[in-house]
Amino acid sequence: MKTVTLYTDGACRGNPGPGGWGVWLKYGDHEREMHGGEKETTNNRMELMAAIKGLEAIKGSCQVELYTDSKYVLQGITEWMVNWKKNNWKTAAKKPVKNVDLWQLLDQETTRHQVNWHWVKGHDGNPANEKADELANLGIDNL
């Protein structure tokens with residue numbers, strides 16, 4: 001099974017406000033950069049969109065090493081989601097899960113791949129994470 005590396009990031013200017021997502025994808029010697037944005041969104045939604053768009057871009061089933069600097073995304077997918085699904089997309093406090101539309105899309109995309117989730121400290125000099133951050137900001141600039 002081929003292995004693809006994804007670095008994802010979201011950005012927002014104001015929260016809510018204009019936001020962008022960025023993805024840096026690497027497979028073997030091939031690299032791909034992607035970005036996009038929305039005029040009115042939140043940082044968490046853009047972090048989720050980056051992961052979704054990155055996974056959507058991968059053709060076929062792959063081993064994916066996905067790096068994010070968002071503990072919200074990492075904890076949501078690796079810790080919280082199993083109970084959200086058991087509780088019909090409600091939190092432990094019986095409240096609707098925020099951004100449920102994007103969590104469900106992310107859940108759907110992860111079923112196509114074997115995803116290993118990694119947290120990386122943001123703005124800490126990791127070149128691939130810095131690239132994803134640049135792309136997320138480009139997503140806002142290009143609105």
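Predicted model: local features only at pLDDT ≥ 70, side-chain atom pairs only at ≥ 80, totals over all residues.
Q: At what angle do helix H2 and helix H3 pack?
A: About 95 degrees, with the axes of H2 (residues 71-86) and H3 (residues 100-110) 11 Å apart. Axes are lines fitted to C-alpha atoms, for helices over the stretch in contact, and angles run from 0 to 180 degrees between N-to-C directions. Helices (H or I, at least four residues) and strands (E, at least two) are DSSP runs, numbered from the N terminus.

Q: Which residues of H3 make the contact with H2?
A: Trp 103, Leu 106, Asp 107 and Thr 110. On H2, the residues include Tyr 72, Ile 77 and Trp 84. Contact means heavy atoms within 4.5 Å.

Q: OK, the sheet. What's the strand order?
A: S3-S2-S1-S4-S5, in an open sheet of five strands with mixed pairing. Two strands pair if DSSP finds at least two bridges between them.

Q: Which strands are at the edges?
A: S3 (30-41) and S5 (114-119), each pairing on one side only.

Q: In what sense do S1 and S4 pair, parallel or antiparallel?
A: Parallel, over six bridges between S1 (residues 3-12) and S4 (residues 63-68). Thr 3 stands opposite Gln 63 in S4.

Q: Which helix packs on the sheet?
A: H1 (residues 43-56), touching S1, S2 (17-27), S3, S4 and S5. The direction of H1 makes about 155 degrees with that of S1.

Notes: Residues numbered from 1 in each chain as written. Heavy atoms only, no water.
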